[in-house]
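Here are my notes on the model you sent over.

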Amino acid sequence: MQVSQIMRKAMVIEDTVTVKEAAMMMSRNNTGSLIIIQENKIKGIITERDILKNISNLTSKVSKIMTKKVVTINPEAQIDHAKKVMLS
């Protein structure tokens, strides 16, 4: 089975969005993470956990709290390979 057979479309936001706005988008769209882009390039990811750890900084930009090292995988990769990548 390929990754493309089980993946969902990622939600994307710009790095100028506030943490509060990101949390509201996650809630409205029932998702636990958002991909942050700048000039059509992935710059980071923000998750529910990131928001909870920074609950006192809701007016900050997501670029201040996002995880900058984003690991990606080809949609045609096999699920077993994706599992290995995630566990490494």
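**Notes on the fold**

1. Starting with the overall make-up: the secondary structure of the protein chain comes to four helices and three strands. Keep in mind as you read that this is a predicted model. Going from the N terminus, the elements run β-α-β-β-α-α-α.

2. A few overall figures for the chain. The C-alpha trace spans about 40 × 25 × 25 Å along its principal axes. There are 88 residues in the protein chain, and buried ones make up 26% of them. The accessible surface comes to about 6,700 Å², with 52% of that belonging to carbon and sulfur atoms.

3. On contacts across the sequence: if you take the contacts between residues at least 6 apart in sequence, 50% of them join residues at least 24 apart.

4. Charges next. I get 14 positive and 8 negative side chains in the protein chain. The centres of those two sets lie 5 Å apart.

5. Now the sheet. The three strands form an open sheet with mixed pairing, in the order β1-β2-β3. Its edge strands are β1 (12-14) and β3 (41-47), each of which pairs on one side only. On average, neighbouring strands here are turned by 40° against each other, direction ignored.

6. How do β1 and β2 run relative to each other, parallel or antiparallel? They run parallel, with three bridges joining β1 to β2 (residues 33-38). If you want a spot to look at, E14 stands opposite I37 in β2.

7. Helix α1 (residues 19-29) packs on this sheet and touches β1, β2 and β3. The direction of α1 makes about 130° with that of β2.

8. One residue I'd zoom in on is I13, found in strand β1. Is I13 buried or exposed? I13 has a relative accessibility of 5%, and the cut-off for buried is under 20%, so I13 counts as buried.

9. What does I13 touch, leaving out residues up to four places away in sequence? The list is A22, M25, L34, I35, I36, I37 and V62. For a sense of distance, I13 and N30 are 17 residues apart in sequence, and their C-alpha atoms are 15 Å apart in space.

Terms used
Residues numbered from 1 in each chain as written. Predicted model: local features only at pLDDT ≥ 70, side-chain atom pairs only at ≥ 80, totals over all residues. Heavy atoms only, no water. Pairing = 2+ DSSP bridges. Helix = DSSP H or I, 4+ residues; strand = E, 2+ residues; numbered from the N terminus. Axes fitted to C-alpha atoms, helices over the stretch in contact; angles between N-to-C directions. Contact = heavy atoms within 4.5 Å. Buried < 20%, exposed > 50% of the residue type's maximum accessible area, 1.4 Å probe, protein only. Areas by Shrake-Rupley, 256 points an atom, 1.4 Å probe, with all protein chains shown as cover. Lys, Arg positive; Asp, Glu negative; His and termini not counted. Charge placed at Lys NZ, Arg CZ, Asp CG, Glu CD.
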